[in-house]
Amino acid sequence: MAIKRYVAALCAALALVLPTLDAHAEKVLRVASTMADIPLTTGQSSQGGEGTRFIGITLYDQLIRWDLSRSDVLAKLVPGLALSWSVDEATHKVWTLKLRPGVKFHDGSDFNADAVVWTFDKLLNRKAPQFDQSQAAQISQYIANFDTYRAIDPMTVEITTKVPDATFPYMLAGINIGSSPARYKELGGDWSKIAFKPSGTGPWMLDKLVPRERAEMVRNPNYWDPARVPKSDRMILFAMPDPNTRVAALLSGQVDWVEAPPPDTIPRLKSAGMQIITNVYPHVWPYIPNLGPASVFHDIRVRKAANLAIDRVGLSEFLGGTAMPAQGAIDPKHPWFGKPNFKIEYNPEEAKRLMKEAGYGPDKPAKIRIAVSTSGSGQMQPLPMNEFIQENLKEVGFDVELVVMEWEELRSHRRASADEPANKGIDALNNSVAYWDPYSGLIGVADSQLRPPRGYNWGGYNDPEADRLARAAAVEFDPAKQDKLLGQLHSRIVDQAMWIWVVHDLNPRALSPRVKGFVQAQSWFQDLTPVYVE
């Protein structure tokens with residue numbers, strides 16, 4: 001009854017802020033996201049994977065993109081704005097990309113090699129008039145290995161990397177092409193104006209932007225791939241970080257789709273006829289510890305104790321079966337899991353023994369401060385989850401203070417290393433992590449040289465064997481051999497308890513029964529072009 005009263009109270013308020021739509025005029029899809037603000041619309045989206053899902057790959061295309069058409073296999077890389085790509089055999093540093101002819105930006109200007117170079121200058125060349133630090137910061141890891149780039153002819157681009165990199169195609173999949181040079185010129189080179197009128201090549205075009213509230217996108221009828229011209233005429237993306245507000249909006253018919261419904265509302269949603277869709281995807285919900293000499297997590301015994309203190313099965317049940325206990329960074333069925341010796345399980349007695357051995361106990365708890373978010377991409381239900389784990393850790397000798405902040409603020413802490421002033425006093429971050437590619441999931445987090453902004457090694461993990469394996473995998477262009485090296489690397493970081501791993505999200509979404517055409521890919525990203533409301 002409590003949820004019914006809460007829903008009723010919220011519905012009246014929602015009716016005041018959500019736009020009224022004439023369903024007969026347009027086929028409209030209305031989505032409630034977990035984000036507190038609309039992501040950057042100028043090209044490189046903010047707000048993490050969720051920002052990419054709803055803005056980055058909707059308004060824009062990439063040279064190489066993800067195939068999001070299947071739910072039964074992991075998403076794979078396929079041609080996007082580049083028809084093909086290859087690397088030279090001599091140095092493994094010179095990449096040649098043949099571009100797709102006949103593609104137009106939303107403003108009608110031509111997509112070509114010059115536009116690609118212009119986009120790269122926007123992100124890499126501080127002397128270029130179009131350089132935009134806010135966009136460059138979003139994808140610093142993807143562009144870190146760029147050395148030189150040039151247009152060979154109107155439909156061919158050459159990129160030379162600083163060092164050989166077998167993961168480079170994945171990096172290109174993270175770079176959105178646009179907004180167009182023509183739109184930049186039209187609006188006087190003002191990115192703040194372009195945010196309201198961007199020009200990509202993607203299947204959707206921005207029609208209206210209300211910061212911190214919503215973005216309205218309309219179908220691109222001239223999209224270069226006829227099979228992916230959107231089935232909906234309009235898609236409205238709402239910033240709705242409060243989970244109960246999202247549920248109320250769905251139950252009242254104000255939206256058609258919500259991200260990350262709270263587990264305790266799922267029975268109510270099902271009884272109302274809503275579709276609850278889940279699927280595995282390359283995701284892990286961990287704590288990323290500061291491993292510096294002054295941190296309690298510098299001691300491997302403390303890290304192992306933290307891993308053994310968490311009741312992952314209980315947490316998964318608490319989450320209504322929308323999560324799966326983690327045994328490391330990687331799903332055990334994945335080819336990169338390897339054969340770690342340290343078994344991540346719930347063993348509080350062993351955790352207490354390790355804490356005592358490390359010099360901690362009830363009379364001398366290990367005091368730690370963990371930065372957590374209120375919501376965000378891949379963050380699941382961060383506040384109740386962190387409170388659950390806070391109690392688990394307390395039982396074995398940790399005194400945990402949760403430092404709560406908005407998602408994009410947490411991401412700004414992640415973009416700075418643990419030893420930088422911005423992170424003074426923070427012992428760990430609770431930041432969901434993807435392993436859709438070798439770099440994001442393993443190489444970039446484990447190599448000691450890949451501290452932010454070059455990589456994702458926030459805590460300063462430094463192990464010669466992990467470095468050897470990470471660097472070997474980065475230059476192994478044979479997929480089977482690379483998989484073997486990555487399995488060995490994952491085994492190494494688990495055995496050293498590099499992080500505290502908790503669960504893998506099953507990515508629940510709640511959809512109106514009238515929503516059709518959605519295929520939930522095994523990816524952080526989703527293809528919204530086939531989705532429509534009946």
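Q: What makes Pro-348, Ala-351, Leu-354 and Met-355 of helix 13 count as buried?
A: In this predicted model, these four residues of helix 13 (residues 348–357) are buried, a term that means under 20% relative accessible area with a 1.4 Å probe and protein chains only, whereas exposed means over 50%.

Q: Why are the buried residues of helix 13 said to line one face?
A: Seen down the helix axis, they fall within an arc of 120 degrees, so they line one face of helix 13; the arc is taken from the directions from the axis to the C-beta atoms. The face turned away from that buried side carries Glu-349 and Lys-356, which are exposed.

Q: What do the buried residues of helix 13 pack against?
A: They pack against helix 11 (300–309), strand 17 (366–373), helix 14 (382–396) and strand 18 (398–405), where contact means heavy atoms within 4.5 Å.

Q: Which kinds of residue make up the lining of the second largest pocket?
A: The lining divides into 16 nonpolar, four polar and three charged residues, with Asp, Glu, Lys and Arg counted as charged, and Gly among the polar. Helix 18 gives the largest share of this lining, three residues.

Q: How do you know which residues and atoms these values rest on?
A: Residues are numbered from 1 along each chain as its sequence is written, and side-chain values use heavy atoms, with hydrogens and water left out. Local features need pLDDT of at least 70 and side-chain atom pairs count only at pLDDT 80 or more, while totals for chains, interfaces and linings use all residues.

Note on methods
Helices (H or I, at least four residues) and strands (E, at least two) are DSSP runs, numbered from the N terminus.
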